[in-house]
Structure formats: C-alpha cells, structure tokens
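Colleague: I am new to this one. Can we walk through it piece by piece?

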Amino acid sequence: MNERFVLLPLLLHLLLCQQTTSAELNITEPRSHQGILRNMSLTQDDADFDVKNGIIDSETPPHTLLAALYKQSFAYYTFRVRLPSTLETIANSLAKDKDELLTVHGADVTSDIEQTVNEIRELRLNILQNGNLLPFTDNGSDTAVWNAFLEQLPQQQRTYFRACWLYAECYMYRKVSSIFLTSKYLASYDYFSKQKQTAAQLSLDAMLAVARGTRSSESNAATFQQLLKLNLWGNRCDLSITSGKQIKPTGDALDLVKELDDNLLVDNTNAIWQSLHSANGEGIVEIICDNAGYELYTDLILAEYIIDKGLAKKVRFNVKAIPWFISDVMSHDYHWTLQFLADQADPLLSELGKKLKRLTDEGKFELAPLEHFWTSPYEFYRMAEVNAPLYERLSQAQLVIFKGDLNYRKLLGDYSWNDTESFDTCLRGFKPSNLCTLRTIKADLVCGLPQGLSQQLFAKNKEWMLTGEYGLIQFASK
C-alpha cells in the first residue's frame, strides 16, 4: 500500500471533522473540552445545586466508580451541560422534522410529536434537578433487564449525580428510547438518523482518498497496522462528544500524521496482527461497532482487508438495537452506508459500495443478531453472568475488536484505575477470546500507560483526556 495514500485520508478526515460546524450537524455541544472544567462556574446556579445535592468539589478519587458526584470530573460536566444540550437538540430536531413526519404518518402524528417533545424536555429538567432513575414502564424487550438492574442499585445511588456515570448516562439514552417507544407513530423513528447521514455525506472526500489508497494493498503486518490506526482515528469525530468548528491544521500532511502517531499512547497493533496471521484464516472477527459515518466506513475498509487477505472467513458487525449516544451504528445505518457508497457518481466509491454489498450477501460480512446487552448499563466483565449466549458467541471468534470510548468505559467499568494498571487487570477476567480496543480518549479514565506518561501529558494540558487528541490500541490474548 502506498504510505502517502494510507496517511492522507487521516489528514483529510481530521480536516473534515475540525471544519464541520455545529449547524451542519445540528448539535449544540462544543468541539473541544479544553478549559471546560475550569469554567464551570459560569453556570450561575451551580453553587446552590452543589450544596443541595452534596456535590464534592474534587476529582474522582482513585479506585472509585466515576460519577457526576465529583465536581471536577467530566461526568459532572456531562450531566450539567452535555446531556441537557443533547436532549434539547433532540426536541428541536423533532419539531423541525414535523412536516416530514406529517407526510409519512398524516395529521394524527401531531399530538405524538408534541407529547414526545414535552417528555424530552421534562427529562432534561429532571437531569438538571438530579432526578431519580425510575423503573421503565414501556414494553421494550430489555425492560425487565433494566428494571432488575435498577432494583439492585443501592437506593442512595439511584439519581443522575449519585449513580456511576456509565449507569446514569446509559439510563438517559434508554429513557429517550422509552419515550419514543410509548409513542403511537414514532416508536421506530431514529431521532439521530439525519445527523449520522450528514456526517457520512461530509466525509466523502476522505472516503474517496481512503478508497484510492487501499485498492491494491499488500498482505503484511505494516499495511494491517496502518489500517488499524486509520480505523482508530476514524473514531475521533464522535457526535455524542463534539461537532463545533476548529482551527484548520497547517503544514505538511505527512508531518501532521507523524505527529498524530506520537499521540498513540499504546500501540499493540503488531500483537493484533499476530493473533490473526498465526491462525488458519478460518476464524471469525467480531467488531463491536461504535459510530456511523466515517468511522463505520473505516470499519468496512478494515473488514474488507481481513477478508481479502484471508485473515478470517467472516467479519461480524455488532450494532445497536436502539438509537444510542447520537452517532452509534444501527442496522439501517449499515445498509444505508453500503447503498450510499454504491450510489456515488465516482466509480471507485460506487464499485466499493457494490463490493461491500456483495460481501454482505455472501455472508462474509454479517450483521450480528441484535443484542440489547450493548445498550444495557452492564460492564463487560459481567457479560458471562448476564448474557451467557453472547459471551459464548464471542468466545468462538478469533478476535474481538471493541471500538470507541463507550466500549472502552464498559471494558474498564467506569472505574478510576491507576493509569499504569495493566489492561489485563482492568478487564477483570473478561476474556472471551483475543480482544483489542481502538479508542480515542474522550473520558477521564485510562489504563496501561507507561510510568510517568500521564504526568507529562497533564503538564502540557490538564484536560488531555477529554479532547480526543490521544489514542490507544490495546490487546489482550485469551
């Protein structure tokens, strides 16, 4: 593979992400979180809220569950600013799409839209008031699992700011789904669909550059490792984290990419290559997907390489059963992306789209059966107990690839490990098979770093763990 073409798409993607405006993606959240923790005093009612709810003005203590209880944590900012902003965006988008929904469902949908908007805004207010995590009353197939989980939480931890961050944030997205599920006309409506499709459309230049650079690639460790890194940095533009405008990078493309390579804090790409290359090529690779748009595209490019080079007989994509964290892949996003590529006027992208559809039709690419475990509050170390059939399926894979920040949080359990703690230790026994994680760092937890590295990064930027500028590719063998 031509190295310049492998690296150039990454530059193009970063330029794309950094130039995309909040108006284009219809999200109001800031692009970078640098300075956010210093500036939270700008919220006038913080002091009263903090006193009323027992907020502790400190960072999350070591070896403690992450929670919005700690004012100097990203979790606190998430529930005071990010999630209320996300909910207001959902409400506004639904009102904006009213005419389109009227065309599909008729005039009767009007009351559904109004009721849903009201309930979304009530949820927003409930979060801002540190409301309770109440049982679900909808008829979702995962309702009983969620309610059983909530029931076993200690009573004092059943509020947004007292619960573990992972539990409370997942609860909010499941609560939004519940509001739509109880609607007569909007139960199957993906309220994040337009944002995801817009993100893909804005990525066309980067997609084309990647396609040009990967049509005649070699089967070797170096090429595979480059594709893993491309796939890692494809996670950098996560709509649940960011969408604002950034300063355009300048300078030589290869110099910039080299600088980004320096931002890869743990690089286990060679071990991942060996886990596939040393096998017989008859295994399955499971990808636990994260974002739609450009990241899904890079997932597909990596999967294409795995199949074409005989590293596995099948790549299985695990997607979300409900709209999740704004940009997460659902089954219709997968099929939409293949058709989107096939419909492009550029013959290279069109042929690639048709090839990916053919690989899907032949069963070499496969959408996994929908699993609500991926949208549950459970950490992955509890999978064998909570969902034994899923654990058994993953145990039959040659490699399981976990994508993105939320999957990383579930691997580690939203727990403030020491940053030098080994990845194996933090998995707490979760090893169904060989597994790896490709994660750009957007939350204040990490493990497996060399001694002293985090101190160096904190000295440069105290919020380095929130910006998405740094990445990890970590591996654990079965």
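Colleague: Which residue in β6 is the bridge partner of K403?

Modeller: Keep in mind that this is a predicted model. Strand β5 covers residues 399–403 and strand β6 covers residues 435–440. The two pair in the parallel sense over four bridges. In β6, the partner of K403 is L438.

Colleague: What is the order of the strands in the open sheet?

Modeller: Seven strands form the sheet, and the pairing is mixed. β1 (264–267) and β4 (365–367) stand at the edges, each with a single partner strand, so one side of each has no neighbour in the sheet. On average, neighbouring strands are turned by 15° against each other, direction ignored. The order is β1-β7-β6-β5-β2-β3-β4.

Colleague: In which sense do β6 and β7 pair, parallel or antiparallel?

Modeller: Take the other partner of β7 to begin with: β1 and β7 pair in the parallel sense over three bridges. There, V266 stands opposite L472 in β7. β6 and β7 have six bridges, and the sense is antiparallel.

Colleague: How many residues of strand β7 are buried?

Modeller: In a regular strand the side chains alternate between the two faces of the sheet. On one side of β7 are G471, I473 and F475, and on the other are L472, Q474 and A476. Both faces are covered. The strand, residues 471–476, is largely enclosed by the rest of the structure, because the buried count is six of the six.

Colleague: Now the helices. At which residue of α4 does the kink lie?

Modeller: Helix α4 spans residues 74–96, which is 23 residues. From its first C-alpha to its last it reaches 31 Å, close to the 33 Å expected at 1.5 Å a residue. The kink is about 35° and comes shortly before the proline P84. It lies at R80.

Colleague: How many of the 23 residues of α4 are buried?

Modeller: Buried here means under 20% relative accessible area. By that test α4 is largely enclosed by the rest of the structure, because the count of buried residues is 18.

Colleague: Let us turn to aromatic rings. Are the rings of F317 and Y334 stacked, tilted or edge-to-face?

Modeller: The count for the model is 36 aromatic pairs. For F317 and Y334 the centres are 5.4 Å apart and the planes stand at 50°. Planes under 30 degrees apart count as stacked and over 60 as edge-to-face, so 50° falls in the remaining class. The pair is tilted.

Colleague: How many residues apart are F317 and Y334?

Modeller: F317 sits in strand β3 (residues 314–318), and Y334 sits in helix α15 (residues 331–342). Both residues are buried. The pair links distant parts of the chain, and the separation is 17 residues.

Colleague: What kind of pair do F458 and W464 make?

Modeller: F458 is partly exposed, with a relative accessible area of 37%. W464 counts as buried, at 1%. Their ring centres are 5.6 Å apart and the planes stand at 70°, so the pair is edge-to-face.

Colleague: Over which ring does the charged end of R409 sit?

Modeller: Two arginines are worth a look here. R428 lies over the face of Y415, at 5.6 Å from the ring centre. The charged end of R409 is 3.8 Å from the centre of its ring, and that ring belongs to W165.

Colleague: Some loops next. Where does I326 lie?

Modeller: I326 has a positive phi of about 65°, although it is not a glycine. I326 is buried, with a relative accessible area of 3%. Its place is the loop between β3 and α15.

Colleague: Is N130 buried or exposed?

Modeller: N130 lies in the loop between α6 (109–128) and α7 (143–152). N130 has a positive phi of about 55° and is not a glycine. Its relative accessibility is 10%, so N130 counts as buried.

Colleague: What distance separates the C-alpha atoms of N235 and I441?

Modeller: N235 lies in the loop between α11 (221–233) and α12 (253–262). N235 is buried, with a relative accessible area of 0%. N235 and I441 are 206 residues apart along the chain. Their C-alpha atoms are separated by 9.6 Å.

Key
Residues are numbered from 1 along each chain as its sequence is written. This is a predicted model: local features need pLDDT of at least 70, side-chain atom pairs count only at pLDDT 80 or more; totals for chains, interfaces and linings use all residues. Side-chain values use heavy atoms; hydrogens and water are left out. Rings of Phe, Tyr and Trp (its six-membered ring) pair if their centres lie within 6.5 Å; planes under 30 degrees apart count as stacked, over 60 as edge-to-face and the rest as tilted. Buried means under 20% relative accessible area, exposed over 50%, partly exposed in between (1.4 Å probe, protein chains only). A charge sits over a ring if NZ of Lys or CZ of Arg is within 6 Å of the ring centre and within 35 degrees of the ring normal. The expected span of a helix is 1.5 Å times one less than its number of residues. The bend at a residue is the angle between axes fitted to the seven residues ending there and the seven starting there. Two strands pair if DSSP finds at least two bridges between them. Axes are lines fitted to C-alpha atoms, for helices over the stretch in contact, and angles run from 0 to 180 degrees between N-to-C directions.
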